[in-house]
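Dear colleague,

I am handing over the structure below, together with an account of what was found in it. Please keep it open while you read.

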Amino acid sequence: MKLDGWTGVAVSRPSDGVLLITLQRPERLNSLTAGMKRDLVELFTQVQADTETRAVVLTGAGRVFCAGDYVHPDYTREQPGSVPEISGGHADAGSTYTGLRMFSHALNRALRSIDKPTIAAINGAAVQSGLSLALACDFRIASTSARLGSATLRFGLMPDEGGHFLLLQHLGLAGTLDFLLRNRILDAAAALDRGLVNEVVEPDELMPTALRLAEEMARGPQLAMRMLKRAVYRAAESGFEDAVDDIAVRTAITDHHADAAEGARAFREKRPAKFG
């Protein structure tokens, strides 16, 4: 897969199997444009198919993870079509619906569709669609300077990128209503207490911690990990019978994979497994 040429995004390989994706618009607080969303959808699609990539770290350049969608300084509610972050959107109800489906929803759908472990290294504010990007990842490591919130109601707007669904997965019904309707913006400690992040570290430890986790994931049994990740997500959104049937189908594949044989040999020989 290509590492350069992405709109507003820098891509690198800091170690074997690990891909680092950095939102690269610090002068605009890494706010998302339609071009960035379009390219990120393609980038996430390539990540899924790329055999070199085993784990992904997503972060932001500068002091902010992502401040949400880009809103032009000239934007006013009285000027239909003056919000440039959704291509062709907000001129009327129909174009708003289409723009959301084709850009904002597609972005979070593409990120959640990656079967490989994904890690958000939250270096600062993660707001609105920036919060949803972080929540669409499997792990969230936050700097002590991180702030997480939606706060769309402050502008009379909705978490229209799918943030309400993602918050429900972490906070439950009561917690999500409290978070959204009261316009909560949580500091890192409060986000950890509520389960929105997995770990909080000092700013200079953020990237080393996120990369260590990514390297740990990259060393694991890839097929089983990806099958298990997808099974867990499906179980969260289905009933018990569907969940156990789904994991039985996946287990029938992973039990007969070379990684399972290597895991058994390593156990017998009392050594770390070396998965393919």
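L29 is partly exposed, because its relative accessibility is 30%; here buried stands for under 20% relative accessible area, exposed for over 50%, and partly exposed for values in between, with a 1.4 Å probe and protein chains only. This is a predicted model, in which local features need pLDDT of at least 70 and side-chain atom pairs count only at pLDDT 80 or more, whereas totals for chains, interfaces and linings use all residues. Residues are numbered from 1 along each chain as its sequence is written, and side-chain values use heavy atoms, with hydrogens and water left out.

**Two residues with a positive phi**

Most residues other than glycine have a negative phi. L29 is not a glycine, yet its phi is positive, at about 55°. L29 is found in the loop between strand 2 and helix 1; helices (H or I, at least four residues) and strands (E, at least two) are DSSP runs, numbered from the N terminus. K270, also a residue other than glycine, has a positive phi near 55°. K270 belongs to the segment after helix 9 (258–268), and it counts as exposed because its relative accessible area is 77%.

**The loop residue N30**

N30 is likewise placed in the loop between strand 2 and helix 1. Is N30 buried or exposed? N30 is buried, because its relative accessibility is 0%. Its contacts (heavy atoms within 4.5 Å), leaving aside neighbours within four places in sequence, include L23, G60, A61, F65 and C66. N30 and A61 are 31 residues apart in sequence, while their C-alpha atoms are 7.2 Å apart in space.

Strand 2 covers residues 18–23, and six of its six residues are buried. In a regular strand the side chains alternate between the two faces of the sheet. In strand 2, V18, L20 and T22 point one way and L19, I21 and L23 the other way, and all are buried.

Which way do strand 1 and strand 2 run, parallel or antiparallel? Strand 1 (residues 9–15) and strand 2 run antiparallel and are joined by five bridges; two strands pair if DSSP finds at least two bridges between them. S15 is opposite V18 of strand 2. The hairpin made by these strands has two residues between them, and G17 there takes a positive phi near 85°.

Strand 3 (residues 55–60) pairs with strand 2 in the parallel sense, over six bridges. G60 in strand 3 is the bridge partner of L23. Together with helix 1 (residues 34–49), strand 2 and strand 3 form a right-handed β-α-β unit. Right-handed applies when, with the strands pointing away from the viewer, the path from the first strand over the helix to the second runs clockwise.

**The nonpolar cores**

In soluble globular proteins, nonpolar side chains tend to be buried together. A nonpolar core is a set of buried Ala, Val, Leu, Ile, Met, Phe, Trp, Tyr and Cys residues joined through side-chain atoms within 4.5 Å. The largest one here has 42 residues, and I21 and I122 have the most contacts inside it. Another core, of 16 residues, lies apart from the largest one; L20, I141, V201 and M225 are among its members.

Helix 6 (residues 206–218) has 13 residues and should span 18 Å at 1.5 Å a residue, which agrees with the 18 Å between its end C-alpha atoms; the expected span is 1.5 Å times one less than the number of residues. Its buried residues include L206, L211 and M217.

Helix 7 (residues 222–236) has 15 residues and reaches 21 Å from its first C-alpha to its last, close to the 21 Å expected. In helix 7, the buried residues are Q222, M225, M227, K229, R230, A231 and Y233. They pack against helix 2 (93–112), strand 5 (118–122), helix 6, helix 8 (240–254) and helix 9.

**Cysteines**

How many disulfides are there? The count is zero, where a disulfide is a pair of cysteine sulfur atoms within 2.5 Å. The cysteine sulfur closest to that of C66 is in C137, 11 Å away, so the two are too far apart for a bond. C66 is buried because its relative accessibility is 0%, and C137 is buried because its relative accessible area is 2%.

With kind regards
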